[in-house]
Amino acid sequence: MQKRKSTSPKPGVPPSQGSSPADGAPDATSGKAAAVEAAAPRIIKKYPNRRLYDTETSTYITLTEVRQLVMDSAPFVVRDAKNNEDLTRSILLQIILEEETGGAPMFTEAVLANIIRFYGNAMQSFMGAYLEKNVQSFMDLQVKMAEQSKGLSPEKWAQFLNAQSPMMQGMLGTYVEQSKSVFTQMQEQMQKQSEQMLSAFGLKR
């Protein structure tokens with residue numbers, strides 16, 4: 001008796017497809033790989049001579065060019081060329097230092113001193129999260145303003161900002177007061193919780 005030839009598909013091959021995709025049909029696997037590759041941050045290597053090497057462009061770049069990547073919101077990671085240690089934070093801090101010493105500082109000495117005082121403080125981790133949320137809120141406000149002023153020339157944009165200055169100052173003052181209130185409430189809540197914990201253990205402050 002003659003055996004019937006099996007019509008079941010080969011392992012790993014979908015029933016609706018042959019051994020190779022149809023001409024012009026997109027390859028799902030390569031599409032996913034391309035998406036992952038596009039989302040991956042570019043790697044910048046830092047060598048002992050302090051030079052920065054962009055592995056994406058295969059060229060040495062300057063700190064100014066790294067700053068431009070930040071301005072363009074381009075994801076990147078700076079790694080030590082020898083031990084692969086992540087140096088991104090130190091490079092970002094270096095950019096901030098150059099900006100602060102470039103003639104138009106953002107932080108006053110009082111602000112910098114207060115930030116230093118929080119290192120080692122019990123509130124250090126909360127302060128970091130607090131600043132991050134506030135900076136993000138300010139960035140969101142900037143995006144909204146930029147959307148409202150699309151198509152404006154630099155001169156018109158300057159006029160727009162000058163016209164908005166009194167309103168912005170008022171908004172900023174209100175925002176600072178609200179932010180201070182939230183921080184004070186958080187501090188009071190933490191103090192009450194610590195007192196309750198101490199009381200539960202039979203301890204007093």
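Which residue's side chain does a polar contact of 2.6 Å join to the side chain of Thr 88? The partner is Asp 86. A polar contact is a pair of N or O atoms within 3.5 Å; within protein, one must be able to donate a hydrogen and the other to accept it, and residues adjacent in sequence count only if both atoms are side-chain atoms.

This is a predicted model, where local features need pLDDT of at least 70, side-chain atom pairs count only at pLDDT 80 or more, and totals for chains, interfaces and linings use all residues. Residues are numbered from 1 along each chain as its sequence is written, and side-chain values use heavy atoms, leaving out hydrogens and water.

The predictor's confidence in each residue is pLDDT, from 0 to 100. Its mean for the protein is 74. Over residues 5-26 it stays under 50. Where pLDDT is low, the predicted coordinates should not be read in detail.

Back to Thr 88. This residue lies in helix 3, residues 88-100 (helices are DSSP runs of H or I, at least four residues; strands are runs of E, at least two; both are numbered from the N terminus). Thr 88 counts as buried because its relative accessibility is 14% (buried is under 20% relative accessible area, exposed over 50%, partly exposed in between, with a 1.4 Å probe and protein chains only). Leaving aside neighbours within four places in sequence, Thr 88 is in contact with Phe 76, Val 77 and Val 78 (heavy atoms within 4.5 Å).

Now take strand 4, residues 76-80. Four of its five residues are buried. Strand 4 pairs with strand 1 in the parallel sense, over five bridges (pairing needs at least two DSSP bridges). Lys 45 stands opposite Arg 79.
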